[in-house]
Amino acid sequence: MRIAVFGNKHQEAHIKELSTLFDLLSRHNVWVEMEESFYRYLCSVMDTPPEINDLITDDSFNAAIALSIGGDGTFLRTAQRVGDKEIPILGINTGHLGYLADVKVDEINHKLQNLLEGKYNVEPRTMIAVTSPDAPLEIWQYALNEVAILKEDTSSMIEMEATIDKSRLATYLADGLIISTPTGSTGYNLSVGGPIVAPSAPVWVISPVAAHSLTMRPLIVSDDSVISVTTRSRTETYRISLDGRSQILPVGTTVEIHRAPFVTRVIQRLDHQFTDTLRSKLLWGIDKR
């Protein structure tokens with residue numbers, strides 16, 4: 001088996017568990033290729049450098065499975081590195097909450113054994129694609145969680161004219177507008193009052209940020225839809241953010257949001273259920289007394 005490994009540079013508290021992980025991969029003769037910056041970092045904090053077969057220095061790598069070691073931010077970055085290769089990703093959580101990086105670091109031994117034995121499920125997660133007929137997008141144009149159209153930090157609210165499949169929806173007066181995937185519904189979307197959506201649902205969620213009118217509520221639409229948003233403001237620019245990657249655009253620019261031609265494939269335990277995540281991460285039905 002060939003495994004590509006990505007991670008963040010905040011692993012000092014988990015060196016023992018990561019040593020166990022790489023020892024296990026070595027014992028099973030797994031071909032390991034690792035993101036170069038992550039490898040250099042591990043060499044600086046581990047007594048013995050991890051045994052690997054190759055370094056990942058560009059996007060020409062390929063593998064049967066990708067490991068994301070960190071939190072959800074690392075998972076999103078791994079999804080970007082994997083891109084349209086659709087390599088299944090297993091998230092090992094060494095961060096905080098971990099919606100996407102679902103395997104706890106102290107579960108590595110058991111869960112990795114299951115992985116090597118093929119005892120796992122793969123969930124396809126839809127991605128958002130963003131294009132603009134008015135300005136070139138310099139950031140990666142796909143998002144697993146959400147696209148956010150936001151005012152500049154010091155500016156007044158912005159005006160966003162939205163259409164769905166060329167039919168006028170509304171003009172939002174707000175601090176911003178979030179178009180979220182089901183995967184991202186528990187992220188930024190949830191923090192502004194948007195609904196939680198089951199990961200497999202074929203929908204987008206459109207949620208305003210601090211809307212000027214209380215009647216402008218979150219809206220769920222089909223992920224077959226093409227959403228077009230033209231932004232205006234008293235200032236000259238606004239910001240678009242895709243999973244935290246931002247670019248400043250001039251006012252008057254239109255962006256179009258539609259379903260990407262590929263998915264992110266997320267590895268889940270055989271016994272994983274979406275409802276388990278609601279209970280364990282959001283403490284649904286848990287008596288906190």
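Which residue in strand 12 is the bridge partner of Val147? The legends below describe close-up views of a predicted model, and the first of them gives the answer.

**View 1. Strand 9 pairs with strand 12 in the antiparallel sense.** Strand 9 covers residues 146–150 and strand 12 covers residues 176–180. Five bridges connect the two strands. In one of the pairs, Val147 has Ile179 of strand 12 as its bridge partner.

**View 2. Strand 15 pairs with strand 10 and with strand 18.** Strand 15 spans residues 227–232 and is mostly covered, with five of its six residues buried. Its pairing with strand 10 (residues 158–164) is antiparallel and runs over six bridges. Ile164 has Ile227 of strand 15 as its bridge partner. Strand 18 (residues 254–268) also runs antiparallel to strand 15, and four bridges join these two strands. Here the bridge partner of Thr230 is Thr254 in strand 18.

**View 3. Strand 1 and strand 2 run parallel.** Strand 1 takes in residues 2–7, and four bridges join it to strand 2. One of the pairs links Val5 with Met34, its bridge partner in strand 2. Strand 2 (residues 31–35) is mostly covered: four of its five residues are buried.

**View 4. Helix 1 packs with helix 4.** Helix 1 is made up of residues 15–27 and helix 4 of residues 108–116. The angle between them is about 25°, and their axes are 10 Å apart. Angles under 35 degrees count as roughly parallel, and the two helices are therefore roughly parallel to each other. Their crossing is right-handed. On the side of helix 1, the contact is made by Glu17, Leu18, Thr20, Leu21, Leu24 and Leu25. Helix 4 contributes Ile108, Asn109, Leu112 and Gln113. By type, the residues of this contact divide into six nonpolar, three polar and one charged.

Notes:
Residues are numbered from 1 along each chain as its sequence is written. This is a predicted model: local features need pLDDT of at least 70, side-chain atom pairs count only at pLDDT 80 or more; totals for chains, interfaces and linings use all residues. Side-chain values use heavy atoms; hydrogens and water are left out. Axes are lines fitted to C-alpha atoms, for helices over the stretch in contact, and angles run from 0 to 180 degrees between N-to-C directions. Angles under 35 degrees count as roughly parallel, over 145 as roughly antiparallel, 65 to 115 as roughly perpendicular and the rest as oblique. A crossing is left-handed if the near helix is turned anticlockwise from the far one by less than a right angle, and right-handed if clockwise. Contact means heavy atoms within 4.5 Å. Ala, Val, Leu, Ile, Met, Phe, Trp, Tyr, Cys and Pro count as nonpolar, Asp, Glu, Lys and Arg as charged, and the others, Gly among them, as polar. Buried means under 20% relative accessible area, exposed over 50%, partly exposed in between (1.4 Å probe, protein chains only). Two strands pair if DSSP finds at least two bridges between them.
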